[in-house]
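Thank you all for coming; I would like to take a few minutes to walk through one model, and I will give the cut-offs as the terms come up.

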Amino acid sequence: MTLADVLPEASPTPSGGVPTSLPPLLDEHAKREIRRTILTAVAVPGYQVPFGSREMPVARGWGSGGLQVTLAVVGSGDTVKVIDQGDDAGVNAVNLRRLITASTGANESTVPEESTIIQSRHRIPEDELRSDHIVVLQVPVPEPLRGVERDQRELARMHAEADYAKMWVSLYEDKVRNGVITQTTGYPCLVDGRYVIATTPIPRWDIPRLHQAPFLTLFGAGREKRIYAVPPHTDVEPLTFTDVPFEVERTPGATCATCGSDRSFLVEVPAATGSRWVCSDSDWCRRRQKAQGHD
Amino acid sequence: MGYAAARGGLDAITAAEQLVRTLRLAAPSDWLDGDQIVERLRLAVDRVMGEGGIWDEQLAAMALRQAEGDLIEAAHLLRSYRSTLPRLAYSEPVEADDLTVLRRIVPAFRNPPGPQLLGRTSDYTGRLLELIDDDRAREEADKLTAARRERVRAAAGSAPAGTRDERRPQRLMTLLRDMDLLVDRRRDDDPEPFDITRVPARPGAPRSARLATMARAETGALVNLWYRNILGPDGYLHEITLGEVRHGWLPVPVVHPHTGHPVEVGRVRVTEVEAIEDLDGLEEDRTRFDVGYGLCFGHNERKAIAMANLDIACDRDAGRSALEQSVLLTTDGLDAAGFLEHLKLPHYVTFRSMVERKMAVRAARPALQEEPS
């Protein structure tokens with residue numbers, strides 16, 4: 001009998017994975033604890049489940065929560081895609097990706113169709129995702145009500161009693177003062193009719209993607225030691241008034257300068273001669289260009 | 001596989017890593033070995049062990065060297081190393097009276113029971129920059145080394161300096177209690193200490209959570225929180241009178257898995273502080289004092305004193321103000337520094353969303369643009 005027979009998890013090379021060049025970043029007890037936390041989060045959609053967040057080889061605020069979630073659910077048979085602002089080549093995305101693959105033996109891809117786990121900061125890929133996808137979002141501030149209440153004890157009470165009155169008043173005052181609701185990214189949403197969550201800071205553009213999504217979304221906040229989830233086929237409703245429609249980011253007339261898209265989240269490339277626009281989802285854009293024949 | 005698309009970022013960070021590594025390792029001066037750091041930069045090593053939550057001088061020295069002297073970065077390296085280790089056992093509770101003191105001062109009395117032992121401190125040394133050249137420093141070092149050897153040789157065979165009572169002095173609290181000058185907050189039950197590494201501590205947490213949080217907190221954060229509360233707008237915090245400031249060795253007993261008996265597996269140096277609080281609240285006992293407690297890894301009196309003062313301040317505040325939340329949630333060095341520095345990450349998706357809302361406000365309020373600015 002070899003060690004691998006006793007501890008199958010200790011040899012993460014088989015079934016198509018790549019050999020690991022880094023030791024595990026989390027001990028097995030921690031992974032189990034995080035998996036249990038995730039199960040609770042899935043069972044109570046939108047509830048921020050506290051967990052004993054470990055220190056990661058990336059700084060707090062740099063995806064330490066998302067990294068712990070991914071490391072707890074990834075296996076050597078998985079393929080991970082990691083993006084930052086929608087870009088696979090973003091420097092922090094690259095760093096997280098190599099930590100994940102080098103320590104677990106998981107494969108990597110930039111194409112959602114080839115991936116099983118997508119860890120992301122600030123975006124959901126433009127592609128349609130499947131029911132076997134897990135989206136892991138890195139969360140800097142998990143508390144949606146922090147803008148209206150600072151006291152932790154009061155915040156706990158408000159969530160427990162579903163008392164979101166202060167949030168509604170703040171949205172109302174915003175609308176009255178400014179003519180529109182000025183909340184930008186991380187728009188507060190009611191999950192499954194019960195808990196209000198902070199939608200990381202993904203843009204409003206991505207919010208409709210979460211509603212009744214076929215995929216599981218896990219939110220990891222390492223610094224604040226919270227994990228929450230939106231399970232598949234769950235209602236995610238942005239907080240707004242019946243006569244004030246929820247507005248996503250949209251720039252009339254703007255199209256992607258490289259792939260021509262007018263149905264993706266575009267970011268501005270400023271220039272004195274007039275701005276250009278490009279897709280923030282770099283791999284989606286790349287595949288569209290390829291399909292159009294100008295690679 | 002679309003791996004090529006991710007190349008640009010990887011090349012850039014590999015180059016940055018290589019630049020840091022090359023300039024650090026290939027510096028023209030001598031290699032800085034672990035012993036040099038432990039012996040000559042001991043206070044930095046102590047801080048890193050305390051904030052990193054690991055007692056291991058050599059590991060802390062390696063972390064400090066790798067972090068190019070950045071204390072928070074070094075503590076981060078130790079903590080993420082910790083995350084890879086399984087927790088095999090908990091140590092047994094140890095009596096604080098088992099502390100063998102290297103230094104002990106009692107500012108509250110001129111002649112307290114037990115010694116006033118200054119020990120290794122530069123508290124009373126003029127802060128003058130020693131503009132001494134390397135040759136003279138080496139000469140002095142040689143003389144001091146020789147003199148030290150001579151002292152050790154002369155003392156060989158005789159009893160060690162300081163009696164047991166002097167090295168484990170009675171604490172001032174005992175005397176104050178005998179004088180009936182202390183309110184008695186001791187509890188009869190013996191609850192398990194709150195483990196901040198496994199359960200997030202939030203306001204309303206037991207005192208042990210507060211103490212553990214402060215023991216691992218960033219020293220500067222505690223000093224600042226203390227000073228803010230003395231002078232700043234946050235609140236009013238009493239200056240305590242120090243009862244005990246101790247630095248010394250504490251044994252670490254662990255139950256032997258086979259015999260079931262505690263065995264000493266090592267010892268750690270700690271700084272321990274007892275702070276006497278003058279109770280002056282309307283509902284408080286005006287005839288007695290109360291005591292705050294601070295204890296942290298290594299020699300770090302600044303931290304232990306701030307900790308003891310904040311401990312008693314939290315207790316007296318009893319959740320009326322946000323002090324406890326500040327202590328529990330804002331003093332961790334890794335949390336604060338990491339979150340501050342994350343602002344360096346790309347934020348162009350969120351910024352795009354913000355610009356879009358500025359335009360939306362303008363569109364909703366066209367009159368705004370005609371107003372003189």
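Let me begin with burial: a residue is called buried if 20 or more other C-beta atoms lie within 10 Å of its own, exposed if 12 or fewer do, and partly exposed in between, with the C-beta atoms placed from the backbone. This is a predicted model, in which local features need pLDDT of at least 70 and side-chain atom pairs count only at pLDDT 80 or more, while totals for chains, interfaces and linings use all residues. Residues are numbered from 1 along each chain as its sequence is written, and chains are lettered from A, and ligands numbered from 1, in the order in which they are written.

With that in hand, please look at helix H9 of chain B, residues 207–216, where 8 of the 10 residues are buried; helices (H or I, at least four residues) and strands (E, at least two) are DSSP runs, numbered from the N terminus. The buried residues of H9(B) include B:Leu211 and B:Met214, and also B:Arg210 and B:Arg216. What do the buried residues of H9(B) pack against? They pack against H3, helix H10 (219–231), strand E4 (289–297), helix H11 (301–317) and helix H12 (323–330) of chain B.

Turning to the domains of chain B, whose bounds come from an automatic or database domain assignment, we have domain 1 (10–82) and domain 2 (96–123 + 165–331). Taken over C-alpha atoms, the centres of these two domains of chain B are separated by 29 Å. Counting two residues as in contact if their C-beta atoms, placed from the backbone, lie within 7 Å, 9 residues of domain 1 of chain B are in contact with 10 residues of domain 2 of chain B. On the domain 1 side, helix H3 (residues 42–52) of chain B gives the most, with 6 residues.

Next comes the interface between the chains, where 49 residues of chain B are in contact with 57 residues of chain A. The elements of chain B that give two or more residues to this side are helix H1 (7–25), helix H5 (71–82), helix H13 (333–341) and helix H14 (348–364), and H14(B) gives the most, with 11 residues.

Finally, chain A has 8 helices and 12 strands, and buried residues make up 49% of its 295 residues. Among contacts in chain A between residues at least 6 apart in sequence, 62% join residues at least 24 apart. Along its principal axes, the C-alpha trace of chain A spans about 70 × 55 × 35 Å.
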